[in-house]
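Please keep the sequence and the coordinates in view while reading.

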Amino acid sequence: QVQLVESGGGLAQAGGSLRLSCAASGRTFGSFATGWFRQAPGKEREFVAAISWSGGSTYYADSVKGRFTISRDNAKNTVYLQMNSPKPEDTAVYYCAERPEEGVDGPYTYWGQGTQVTVSS
């Protein structure tokens, strides 16, 4: 059973930076694409960014494009979300998720517990 643990959340200043990490364990073999999602109070969970297992393909929501960067280090079983120039509207609980495929399209099978990000103006 794949387990995902997010870390790196907290309080950030608008215009600053923050890096989230998603550490995976329990993978046996195969490829795992990873995505970051977020849910703000009173809102639906939304897609933020995703990366293929090889790292060769990345995708971003329009709202974070140019500010956030997703990357991965498969040797460390970790996926990162670098958040530059965060805005107050980026405040949410951030979740990482994985699917046992190379590509990011399709439902995600495994989910972490989430990490709170609060951006102050």
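In this predicted model, the protein chain carries 11 positive and 11 negative side chains. The centres of these two sets of charges lie 4 Å apart. The accessible surface of the chain comes to about 6200 Å², and carbon and sulfur atoms account for 47% of that area.

The fold itself is built from strands: the secondary structure of the protein chain comprises 11 strands and zero helices. Along the sequence this gives the pattern β-β-β-β-β-β-β-β-β-β-β. The radius of gyration is 13 Å, close to the 14 Å that the globule rule gives for 121 residues, so the chain is as compact as a globular protein of that length. Taken along the principal axes, the box filled by the C-alpha atoms is roughly 45 × 25 × 25 Å. Of the 121 residues, 42% count as buried. Among contacts with a separation of 6 or more, 57% are made by residues 24 or more positions apart.

Which residues have the most contacts inside the largest nonpolar core? They are Leu-20, Trp-36, Val-48, Leu-81, Met-83 and Tyr-94, in a core of 27 residues. At least two residues of this core come from each of strands E3 (17-25), E5 (46-51), E7 (68-73), E8 (78-84), E9 (92-99) and E11 (115-120). Strand E3 gives the most, with four residues. Apart from this core lies another, of six residues, which include Phe-37, Ala-50, Ala-97 and Tyr-108. Met-83 shows what such a position in the largest core can involve. Leaving aside neighbours within four places in sequence, Met-83 is in contact with Gly-16, Ser-17, Leu-18, Leu-20, Arg-67, Phe-68, Tyr-94 and Val-117.

Strand E3 also holds Ala-23. Is Ala-23 buried or partly exposed? Ala-23 counts as partly exposed, because its relative accessibility is 36%, whereas a buried residue has to fall under 20%. Not counting residues up to four places away in sequence, Ala-23 touches Gln-3, Leu-4, Val-5, Asn-77 and Thr-78.

Asn-77 lies in the loop between E7 and E8. With a relative accessible area of 33%, Asn-77 is partly exposed. Its backbone deserves attention as well. Most residues other than glycine have a negative phi. Asn-77, although not a glycine, has a positive phi of about 55°. Ser-85 likewise has a positive phi, near 50°, and is a residue other than glycine. Ser-85 is placed in the loop between E8 and E9, and its relative accessibility of 38% makes it partly exposed.

Gln-1 is found in the segment before strand E1 (3-7). Its relative accessible area is 74%, so Gln-1 is exposed, the cut-off for that class being over 50%. From Gln-1 to Ser-25 the separation is 24 residues in sequence and 8.2 Å in space, C-alpha to C-alpha.

Key. Residues are numbered from 1 along each chain as its sequence is written. This is a predicted model: local features need pLDDT of at least 70, side-chain atom pairs count only at pLDDT 80 or more; totals for chains, interfaces and linings use all residues. Side-chain values use heavy atoms; hydrogens and water are left out. The radius of gyration is taken over C-alpha atoms; the globule rule is 2.2 Å times the number of residues to the power 0.38. Buried means under 20% relative accessible area, exposed over 50%, partly exposed in between (1.4 Å probe, protein chains only). Contact means heavy atoms within 4.5 Å. Accessible areas come from the Shrake-Rupley method with a 1.4 Å probe; for residues, only the protein chains shown count as cover. Lys and Arg count as positive and Asp and Glu as negative; His and the chain ends are not counted. The place of a charge is taken as NZ of Lys, CZ of Arg, CG of Asp or CD of Glu. A nonpolar core is a set of buried Ala, Val, Leu, Ile, Met, Phe, Trp, Tyr and Cys residues joined through side-chain atoms within 4.5 Å.
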